[in-house]
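Please look over the model shown here. The report below moves from the overall fold to local detail.

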Amino acid sequence: MKPNSFDVDAILAVPLTDPYEKQHFSPNPSPALFTWDYASSRDNLSRLYEKAKTGQWNSNTTLPWHLNVDVEKTVSQDRELLGDGFDPSHYRGTVVESWGDKEWLEFGIHSRKWIMSQFLHGEQGALICTSKIVETVPWYDAKMYASTQVMDEARHVEVFARYLSEKLDGGYQVNPHLRLLLDDVLLDQRWDMTYLGMQIMVEGLALAAFGYLRQSTQEPLLKELLRYVMSDEARHVAFGVLSLKEAYDGMSDSEMKDRQEFAYDASIRMRDRFIQQEVWEHMGVKSKDIVPLTFNDPTRKVFQQMLFAKIVPNCKKLGLLDRNDGWLRQRFQEMGVIDFEHMPSGDQDYETHQAVEYAEDREMSPVNA
Ligand SMILES: [Fe+2]
Ligand SMILES: [Fe+2]
């Protein structure tokens, strides 16, 4: 199990991905499972399958790609609204202290490229993990639904890749902590672990991060792109919650402890990947000089904690918070994210808000008019 405190040396000891790496082989030892039982016996999953079939959209004709993106302008506008995401008083005595508008703007532009790149790589992770779910999940309804998610994730890879190449002039290599997390998820042969790692942890975090960026940016193409991606992601998280609720309700304490530890380790890895050391290095700042300071920056802490807004209520719904004497509850308390337990879980979120908002938005969107 990974330590809760920020172990800066261990985090920075993981080498950055080679910028020239073109391929990565991830071991996936899970056997494919056929089912001959074609009866639809899980109404909640077959309803999601129907919604997924009618919710398909074509990124080429749906999104306003003709809009020009002035990266400097949009990052400047977002900085005016949100600041730089750092408290400057924490960086006295470092090179960052002397940064003016020019440096912070460049940092902001590269931060945007970096975060969009990690979204892109995470989407490819979702594409591959969901293909694995099609192969390994034993339930007919789940295989059928998961096949629609494979198409959704292909579309997400397509839109983030296009935005990066056409509008941001390229992006960053995959962060090594994200790659390690994806490797972990693919390596585990228990079918539910793919769901837990991808639908609950990675997609839960992505939904919170997409929501934050969509609310905070004024760039119309990005706002629209994220709105459509989020409408799919909400369905994906609901798929994870509904499937795992059934599986976990029948599990023993020791089986649940494995899942709690897996969720916690994934949380630590995801928290560690948001330090953007690639961007600091680009700006000529050594990660080892700056990253320890960012961990104690209160502005960063609020952002880091917000990323868990969707994960914690879903873990609660699945029984992961409270089984084994609240083992995971204690870990989330130490991470300062337990208060999110009162937010709606992914299935409630999807039923009550996302589907309605999506339908209304589609009709009212000014850029699609
Ligand atoms: Fe996605
Ligand atoms: Fe997804």
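**Overall fold**

This is a predicted model. The protein has 16 helices and zero strands. Along the principal axes, its C-alpha atoms fill a box of roughly 65 × 50 × 40 Å. Buried residues account for 40% of the 369 residues. Contacts reach across the sequence: of those between residues at least 6 apart, 86% join residues at least 24 apart.

**Confidence**

The mean pLDDT of the protein is 89. A value of 70 or more is reached by 93% of its residues.

| Helix | Residues | Mean pLDDT |
|---|---|---|
| H6, highest confidence | 140–167 | 98 |
| H16, lowest confidence | 346–364 | 60 |

Over residues 363–369 the pLDDT is below 50. Beyond near neighbours in sequence, that stretch has three contacts in the model. Where pLDDT is low, predicted coordinates should not be read in detail.

**The H10 and H15 pair**

How do H10 and H15 pack, and at what angle? Helix H10 spans residues 253–272, and helix H15 spans residues 323–335. Their axes lie 9 Å apart, at an angle of about 10°. Angles under 35 degrees count as roughly parallel, which means that H10 is roughly parallel to H15. By class, the contact has six nonpolar, three polar and four charged residues.

Which residues of H10 and H15 meet? From H10 come Asp253, Met256, Lys257, Gln260, Ala263, Tyr264 and Ser267. From H15 come Arg323, Asn324, Trp327, Leu328, Arg331 and Met335.

Phe340 sits in the loop between H15 and H16. Is Phe340 buried or exposed? Phe340 counts as buried, because 20 C-beta neighbours lie inside 10 Å. The cut-off for a buried residue is 20 or more, so Phe340 meets it with its 20 neighbours.

What does Phe340 touch, leaving aside residues up to four places away in sequence? Phe340 touches Phe308, Ala309, Val312 and Pro313. Leu321 is 19 residues from Phe340 along the chain. The C-alpha atoms of Leu321 and Phe340 are separated by 12 Å.

Note on methods:
Residues are numbered from 1 along each chain as its sequence is written. Chains are lettered from A and ligands numbered from 1 in the order in which they are written. This is a predicted model: local features need pLDDT of at least 70, side-chain atom pairs count only at pLDDT 80 or more; totals for chains, interfaces and linings use all residues. Axes are lines fitted to C-alpha atoms, for helices over the stretch in contact, and angles run from 0 to 180 degrees between N-to-C directions. Helices (H or I, at least four residues) and strands (E, at least two) are DSSP runs, numbered from the N terminus. Angles under 35 degrees count as roughly parallel, over 145 as roughly antiparallel, 65 to 115 as roughly perpendicular and the rest as oblique. Two residues are in contact if their C-beta atoms, placed from the backbone, lie within 7 Å. Ala, Val, Leu, Ile, Met, Phe, Trp, Tyr, Cys and Pro count as nonpolar, Asp, Glu, Lys and Arg as charged, and the others, Gly among them, as polar. A residue is buried if 20 or more other C-beta atoms lie within 10 Å of its own, exposed if 12 or fewer, and partly exposed in between; C-beta atoms are placed from the backbone. pLDDT is the predictor's confidence in each residue, from 0 to 100.
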